[in-house]
Amino acid sequence: MKRRRWKYLDPYLAGVLLGVVLFCSFVVFGHGLGASGGVAVLAGMTEAALLPEHASRNGYLVNLVVSQDRPWDNWAVFEIIGVALGGLVSGLLSGRLKVETFHGPRIAAPVRWLCALLGGAIAGFGVRLARGCTSSQALSGGAVLSAGSWAFMFSVFAGAYLFAYFVRRLWT
Amino acid sequence: MLPLDLSGLGRAGIDLAYVVTGFCFGFVLEQAGFGNARNLAAQFYLRDMRVLKVMFTAIVTAMLLLFGADVMGLLKPGALYINPTHLWPGIVGGIVFGVGFVIGGYCPGTSIVSLATLKLDGLCFVVGMVLGMVCFGETVSRFRAFFETSGNLGELTLAQVFGVPQGLVVVLVVAMALGMFWAAERIEAYFATR
């Protein structure tokens with residue numbers, strides 16, 4: 001394996017930095033961070049563009065995008081653009097910007113792609129049902145001690161730990 | 001008084017502030033190693049407790065800073081967004097999300113970082129996530145009552161649930177996090193010697 005030019009940050013230090021970013025978001029905007037909301041808007045816009053007739057009859061999509069003048073003009077969309085740019089620059093500076101696939105030692109890349117697609121679909125559904133993801137619910141709601149966010153956070157860990165056994169071949 | 005009044009920035013200025021915030025967020029996630037699904041999945045096989053350490057350190061840091069700002073009277077009362085509690089959709093959605101997380105290896109924010117650093121598994125996860133969200137939008141009308149009303153408790157904090165002062169919850173969360181960090185170090189040390 002090629003030697004990494006730069007190691008990952010110490011997790012506690014990374015956590016403090018992430019906490020400061022989260023705090024700044026609260027004191028600047030009055031709310032925490034978000035990742036899934038922006039993706040949901042872009043997903044809704046794509047669907048509405050491909051199937052405008054259908055979208056105009058779906059109350060959820062009407063609310064999310066169809067009734068909006070400029071559905072992309074949403075803080076969550078700007079934030080995920082920033083997330084992508086920040087990840088890109090960090091990867092570039094740390095010698096980690098390259099085309100590759102991360103997978104466990106016992107499976108091939110195409111298996112991993114299928115699992116990522118499937119897992120992404122399940123996660124995408126769950127995130128919308130729970131009204132937020134690891135960022136907007138667990139981190140943000142966690143820091144302001146929302147009861148529902150803490151219930152969500154423990155449910156995520158419970159679901160992942162309980163199911164981990166069945167997909168251990170993918171990772172170990 | 002916080003939060004800041006951003007009206008002077010104008011629409012474009014506020015949009016830019018969100019891009020900058022997202023940039024810092026994405027940068028830290030990538031530096032933490034969260035653009036790599038193997039680092040994230042390792043949490044669920046107890047080999048590397050990075051996810052837990054970063055998440056709970058971040059929550060504790062932000063919580064303490066917010067609590068400190070509040071105690072010093074810098075925060076406008078009631079100005080912070082507190083995620084409303086929809087207990088049952090949150091729990092069921094959380095479990096479904098957790099299953100997707102361990103199969104797919106990412107969560108929404110980390111998959112965007114992974115895609116931005118050209119990882120093909122990150123790309124697949126993002127495509128899947130979009131499909132899952134479309135699927136939710138197409139089916140939510142069939143379980144609208146569950147989604148909207150079940151366990152709908154509005155804005156609810158842990159302090160209200162347990163009927164104790166906010167400061168006590170803050171202390172307990174810090175204690176719980178320290179306990180988890182201690183356990184995480186022990187677990188990592190155990191697997192390192194096996």
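A residue counts as buried here if 20 or more other C-beta atoms, placed from the backbone, lie within 10 Å of its own, as exposed if 12 or fewer do, and as partly exposed in between. On that basis, buried residues make up 51% of the 194 residues in chain B. This is a predicted model, where local features need pLDDT of at least 70, side-chain atom pairs count only at pLDDT 80 or more, and totals for chains, interfaces and linings use all residues. Residues are numbered from 1 along each chain as its sequence is written, while chains are lettered from A and ligands numbered from 1 in the order in which they are written.

**Chain B overall**
- You'll find 9 helices and 2 strands in chain B, with helices (H or I, at least four residues) and strands (E, at least two) taken as DSSP runs numbered from the N terminus.
- The C-alpha atoms of chain B fill a box of roughly 50 × 45 × 40 Å along the principal axes.

- Leu2(B) and Pro3(B) are joined by a cis peptide bond, with omega about -5 degrees; Pro3(B) sits in the segment before helix H1 (10-31) of chain B.
- Arg131(A) isn't a glycine, yet its phi is positive, near 60 degrees.
- Look for Arg131(A) in the loop between helix H6 (109-129) and H7 of chain A; it counts as buried because it has 22 C-beta neighbours inside 10 Å.
- Leu118(B) also has a positive phi, near 70 degrees, and lies in the loop between helix H5 (108-116) and helix H6 (120-139) of chain B.
- With 16 C-beta neighbours inside 10 Å, Leu118(B) counts as partly exposed.
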